[in-house]
Amino acid sequence: MAKLSINGQTVEIDVEPDTPLLWAIRENIGLAGTKYGCGIAQCGACTVHIDRVAVRSCGVQVSEAVGKQITTIGGLAVNGVLTRVQQAWINSDVPQCGYCQGGMIMAVTALLKEKPRPSDADIDDAITNICRCGTFQQVRAAIHAAAEA
Ligand code: FES
Ligand code: FES
């Protein structure tokens, strides 16, 4: 058994300690907003926050997340109020298919905590999530809009 704190709730799940956190989030806890893309920590679709730091949850074992605060894309909005990043994504019409965007928003949210006014170079360095639909220009515009909101 593992006890996890996720989106402000404590859940107990029956998994092996070395189970990838992404599997636990999707299969055991049922939070399907966190996506499976590559499974090898390359694409960023599975990005969540652990203690406010963006991590690729396919590359983290459940045992490493015990005792920490996990936040998924589904835990960002509070009482249905979107964050400024989520709102900027809507305003800038960023998502195409949308598959990568939850992970993208988690990565961007962590970036803006660290660098409230990132330059284009900062964005290129920090946001390495892959978007098959090629929304990178819209992502960049939305990041600047969120930074100024
Ligand atoms: S599924 Fe985790 S980085 Fe691609
Ligand atoms: S919006 Fe389709 S993969 Fe990014």
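Which residues line the second largest pocket? They are G37, C38, C43, A45, C97, Y99, C100, I130, C131, R132 and C133. Keep in mind that this is a predicted model, where local features need pLDDT of at least 70, side-chain atom pairs count only at pLDDT 80 or more, and totals for chains, interfaces and linings use all residues. Residues are numbered from 1 along each chain as its sequence is written, and side-chain values use heavy atoms, with hydrogens and water left out.

A pocket here is an open set of points on a 1 Å grid over the protein atoms alone, where a 1.4 Å probe fits and protein lies on both sides within 12 Å along at least five of seven lines; lining residues have an atom within 4 Å of a point. The second largest pocket holds about 200 Å³ of space, and its lining splits into nine nonpolar residues, one polar and one charged.

Now for the largest pocket, at about 260 Å³. It has 17 lining residues, and A54, A107, A110, L111 and A126 are the closest to its centre. At least two lining residues come from each of β4 (53-56), α4 and α5 (120-126). The lining comprises eight nonpolar, three polar and six charged residues.

Helix α4 spans residues 101-114, and Q101 sits in it. Is Q101 buried or exposed? Q101 counts as buried because its relative accessibility is 5%, and the cut-off for buried is under 20% (1.4 Å probe, protein chains only). Beyond its neighbours within four places in sequence, Q101 touches W89, V94, P95, C131, T135 and V139, with contact meaning heavy atoms within 4.5 Å. One of those partners, C131, also lines the second largest pocket.

How values were computed:
Chains are lettered from A and ligands numbered from 1 in the order in which they are written. Helices (H or I, at least four residues) and strands (E, at least two) are DSSP runs, numbered from the N terminus. Buried means under 20% relative accessible area, exposed over 50%, partly exposed in between (1.4 Å probe, protein chains only). Grid points are joined across faces, edges and corners, and a volume is the space filled by probe spheres set on the points. Ala, Val, Leu, Ile, Met, Phe, Trp, Tyr, Cys and Pro count as nonpolar, Asp, Glu, Lys and Arg as charged, and the others, Gly among them, as polar.
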